[in-house]
Amino acid sequence: MSEPQFAEWRKKLQELRNAVAQIIEDGVVSGEFMPIEPRLGAEMIGGVVLSMLTTYGGKRLDPDIDIYATATVVLRGLLVDPSMLENF
């Protein structure tokens with residue numbers, strides 16, 4: 001993705017990483033998330049999402065279930081009190 005034709009996508013990807021890092025930082029500051037360096041957390045989440053996309057290769061059983069399951073696993077790993085998810 002270092003080729004010039006991907007410059008716009010690199011910018012969008014960086015904006016997404018920054019937004020995820022900010023969400024993590026806000027969660028850490030509020031005490032809802034475990035203490036973690038926000039950029040590291042953002043890269044971890046990016047890795048999980050990329051893995052989901054490449055593992056199924058478009059052959060998902062049910063995208064809504066996959067998205068929910070992935071988000072639940074990621075949030076349980078970040079939350080100080082994972083039981084907070086029981087309300088959703």
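**Figure 1. Helix α1 crossing helix α2.** Let's start where two helices meet: the axes of α1 (residues 7–30) and α2 (residues 38–56) come within 8 Å and cross at roughly 120 degrees. Keep in mind that this is a predicted model.

**Figure 2. The residues where α1 and α2 touch.** Which residues of α1 meet α2? On the α1 side, look for Gln14, Arg17, Asn18, Val20, Ala21, Ile24 and Glu25. Facing them from α2 are Pro38, Arg39, Gly41, Ala42, Glu43 and Ile45. Sort this α1 and α2 contact by class and you get six nonpolar, three polar and four charged residues.

**Figure 3. The fold as a whole.** Stepping back, you can count three helices and zero strands in the protein. Following the sequence along, the pattern reads α-α-α. If you boxed up the C-alpha atoms along the principal axes, the box would be roughly 45 × 35 × 15 Å. Take the contacts between residues at least 6 apart in sequence: 38% of them join residues at least 24 apart.

Figure 4. How much of the protein is buried? Of its 88 residues, 18% are buried.

Note on methods: Residues are numbered from 1 along each chain as its sequence is written. This is a predicted model: local features need pLDDT of at least 70, side-chain atom pairs count only at pLDDT 80 or more; totals for chains, interfaces and linings use all residues. Side-chain values use heavy atoms; hydrogens and water are left out. Axes are lines fitted to C-alpha atoms, for helices over the stretch in contact, and angles run from 0 to 180 degrees between N-to-C directions. Helices (H or I, at least four residues) and strands (E, at least two) are DSSP runs, numbered from the N terminus. Contact means heavy atoms within 4.5 Å. Ala, Val, Leu, Ile, Met, Phe, Trp, Tyr, Cys and Pro count as nonpolar, Asp, Glu, Lys and Arg as charged, and the others, Gly among them, as polar. Buried means under 20% relative accessible area, exposed over 50%, partly exposed in between (1.4 Å probe, protein chains only).
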